[in-house]
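Please keep the sequence and the structure in view while reading.

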Amino acid sequence: MASVAATRRHDLTDAQWAALEPLLRTGKRPGRPPTWSKRLLIDGIRWRTRVGSPWRDVPECYGPWQTVYGL
(Lines give C-alpha, C1' and ligand atoms only; values in the text may rest on other atoms or scores of the structure.)
Protein backbone atom coordinates (compact mmCIF):
# COMPACT_ATOMS: atom_id res chain seq x y z
CA MET A 1 0.00 0.00 0.00
CA ALA A 2 1.28 3.44 -0.84
CA SER A 3 2.40 5.71 1.94
CA VAL A 4 -0.12 8.33 3.02
CA ALA A 5 1.41 11.51 4.32
CA ALA A 6 -0.24 12.79 7.48
CA THR A 7 -1.84 16.09 6.64
CA ARG A 8 -3.56 16.92 9.91
CA ARG A 9 -1.60 18.11 12.89
CA HIS A 10 -1.95 15.15 15.27
CA ASP A 11 -2.42 12.28 12.82
CA LEU A 12 -0.01 9.37 12.71
CA THR A 13 3.27 10.07 10.96
CA ASP A 14 4.59 7.67 8.34
CA ALA A 15 7.15 6.34 10.86
CA GLN A 16 4.48 5.75 13.51
CA TRP A 17 2.23 4.01 10.99
CA ALA A 18 5.11 1.79 9.80
CA ALA A 19 5.62 0.63 13.39
CA LEU A 20 1.89 0.10 14.07
CA GLU A 21 0.69 -1.48 10.82
CA PRO A 22 2.36 -4.91 11.26
CA LEU A 23 0.60 -5.28 14.64
CA LEU A 24 -2.90 -4.97 13.14
CA ARG A 25 -4.99 -7.86 11.87
CA THR A 26 -5.41 -8.04 8.13
CA GLY A 27 -8.84 -8.83 6.79
CA LYS A 28 -8.86 -11.71 4.36
CA ARG A 29 -12.62 -11.84 3.87
CA PRO A 30 -13.91 -12.19 0.33
CA GLY A 31 -15.77 -9.32 -1.23
CA ARG A 32 -15.33 -5.64 -1.68
CA PRO A 33 -12.19 -3.98 -0.29
CA PRO A 34 -12.76 -1.55 2.60
CA THR A 35 -13.63 2.02 1.71
CA TRP A 36 -11.71 3.54 4.62
CA SER A 37 -8.12 2.66 5.49
CA LYS A 38 -7.31 1.51 8.99
CA ARG A 39 -4.88 4.39 9.26
CA LEU A 40 -7.67 6.94 8.81
CA LEU A 41 -9.95 5.09 11.21
CA ILE A 42 -7.23 4.93 13.87
CA ASP A 43 -6.59 8.64 13.38
CA GLY A 44 -10.33 9.14 13.98
CA ILE A 45 -10.15 7.14 17.21
CA ARG A 46 -7.14 9.17 18.32
CA TRP A 47 -8.97 12.42 17.46
CA ARG A 48 -11.97 11.37 19.52
CA THR A 49 -9.92 10.38 22.59
CA ARG A 50 -7.78 13.53 22.35
CA VAL A 51 -10.79 15.87 22.09
CA GLY A 52 -13.13 13.93 24.38
CA SER A 53 -16.15 14.36 22.14
CA PRO A 54 -19.00 11.91 21.52
CA TRP A 55 -18.45 9.35 18.74
CA ARG A 56 -21.01 11.09 16.54
CA ASP A 57 -18.82 14.21 16.41
CA VAL A 58 -15.81 12.49 14.79
CA PRO A 59 -15.06 14.48 11.60
CA GLU A 60 -16.12 12.77 8.38
CA CYS A 61 -12.57 13.02 7.00
CA TYR A 62 -11.81 10.01 9.23
CA GLY A 63 -14.76 8.01 7.92
CA PRO A 64 -18.28 7.44 9.20
CA TRP A 65 -18.39 7.59 13.01
CA GLN A 66 -19.98 4.13 13.14
CA THR A 67 -17.01 2.64 11.27
CA VAL A 68 -14.50 4.46 13.48
CA TYR A 69 -16.37 3.23 16.57
CA GLY A 70 -16.55 -0.32 15.21
CA LEU A 71 -12.79 -0.57 14.81
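## The largest pocket

The largest pocket holds about 910 Å³ of space. It is lined by 23 residues, and those closest to its centre are Arg25, Thr26, Gly27, Pro34 and Lys38. Two elements, α2 (38-51) and α3 (65-70), each give two or more residues to this lining. Helix α2 provides the largest share, three residues.

The lining of the largest pocket can also be sorted by class. Nine of its residues are nonpolar, seven are polar and seven are charged.

## The chain as a whole

Which elements make up the chain? There are three helices and zero strands, and the pattern along the sequence reads α-α-α. The radius of gyration is 12 Å, close to the 11 Å that the globule rule gives for 71 residues, so the chain is as compact as a globular protein of that length. Along the principal axes, the C-alpha atoms fill a box of roughly 35 × 30 × 20 Å.

Of the contacts in the chain with a separation of 6 or more, 45% are accounted for by residues 24 or more positions apart.

## Surface and interior

The chain has an accessible surface of about 5600 Å². Carbon and sulfur atoms account for 56% of that surface. Buried residues, in turn, make up 20% of the 71 residues.

## Two residues in contrast

Is Pro30 buried or exposed? Its relative accessibility is 79%, and exposed means over 50%, so Pro30 counts as exposed. Pro30 is found in the loop between α1 (14-20) and α2. In sequence, Pro30 and Leu40 are ten residues apart, while in space their C-alpha atoms are 22 Å apart.

Which residues is Asp43 in contact with, leaving aside its neighbours within four places in sequence? They are Asp11, Leu12 and Tyr62.

## Summary

In this predicted model, the chain has three helices and zero strands. Its largest pocket has about 910 Å³ of space, with the largest share of the lining coming from α2.

Key. Residues numbered from 1 in each chain as written. Predicted model: local features only at pLDDT ≥ 70, side-chain atom pairs only at ≥ 80, totals over all residues. Heavy atoms only, no water. 1 Å grid on protein atoms, 1.4 Å probe; cavity = no way out; pocket = protein on both sides within 12 Å on 5 of 7 lines; lining within 4 Å. Points joined across faces, edges and corners; volume = space filled by probe spheres on them. Helix = DSSP H or I, 4+ residues; strand = E, 2+ residues; numbered from the N terminus. Nonpolar A, V, L, I, M, F, W, Y, C, P; charged D, E, K, R; others polar. Rg over C-alpha atoms; globule rule 2.2 N^0.38 Å. Buried < 20%, exposed > 50% of the residue type's maximum accessible area, 1.4 Å probe, protein only. Contact = heavy atoms within 4.5 Å. Areas by Shrake-Rupley, 256 points an atom, 1.4 Å probe, with all protein chains shown as cover.
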